[in-house]
Amino acid sequence: MTVIKRFIAGAVCPRCGEMDKLKAWTEDETQYRECVACDFTDEMSLVIEPEVDELATRVNQTQPDPRDEIQVVKLMDPKA
Ligand SMILES: [Zn+2]
């Protein structure tokens with residue numbers, strides 16, 4: 001398995017503060033970063049655990065839709 005390490009454009013090393021010195025690669029669902037200017041390394045799991053969103057409290061009151069007004073149309077029989 002070939003691991004491609006790429007420089008992260010514009011990334012600043014949190015240790016030495018050098019820009020464009022960080023390489024990143026992904027291996028086994030873990031993202032690694034390393035700095036070529038110092039010996040900083042970092043790893044971060046890419047496995048995203050599903051967040052349990054609290055259900056937004058929604059107002060269940062529905063506004064009456066004016067189109068719901070039923071217009072009773074009486075069909076007139078022209079022969080009547
Ligand atoms: Zn560094």
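C13 is buried, at a relative accessible area of 2% (buried means under 20% relative accessible area, exposed over 50%, partly exposed in between, with a 1.4 Å probe and protein chains only). This is a predicted model, in which local features need pLDDT of at least 70 and side-chain atom pairs count only at pLDDT 80 or more, while totals for chains, interfaces and linings use all residues. Residues are numbered from 1 along each chain as its sequence is written, and side-chain values use heavy atoms, without hydrogens and water.

**Zinc site**
- The zinc ion has the protein donors C13 (SG), C16 (SG), C35 (SG) and C38 (SG), at 2.2 to 2.3 Å (donors are N, O and S atoms within 2.8 Å of the metal, or 3.2 Å for Na, K and Ca; water is not among the atoms, so sites may look incomplete).
- Angles of 105 to 116° between the four donor atoms make the arrangement tetrahedral (four donors with all angles between 85 and 135 degrees).
- Along the chain, these donors follow the spacing C-x2-C-x18-C-x2-C.
- C13, in the loop between β1 (6-7) and β2 (22-27), and C38, in the loop between β3 (30-35) and β4 (41-45), are 25 residues apart and link distant parts of the chain (strands are DSSP runs of E, at least two residues, numbered from the N terminus).
- C38 is partly exposed, at 21% relative accessibility.

- D20, a residue other than glycine, has a positive phi near 60°.
- D20 sits in the loop between β1 and β2 and is partly exposed at 41% relative accessibility.
- E29 is not a glycine either, yet its phi is positive at about 60°.
- E29 belongs to the loop between β2 and β3 and counts as exposed, with 53% relative accessibility.

Terms used. Tetrahedral: all angles 85-135°; square planar, octahedral: opposite > 155°, others 65-115°. Helix = DSSP H or I, 4+ residues; strand = E, 2+ residues; numbered from the N terminus.
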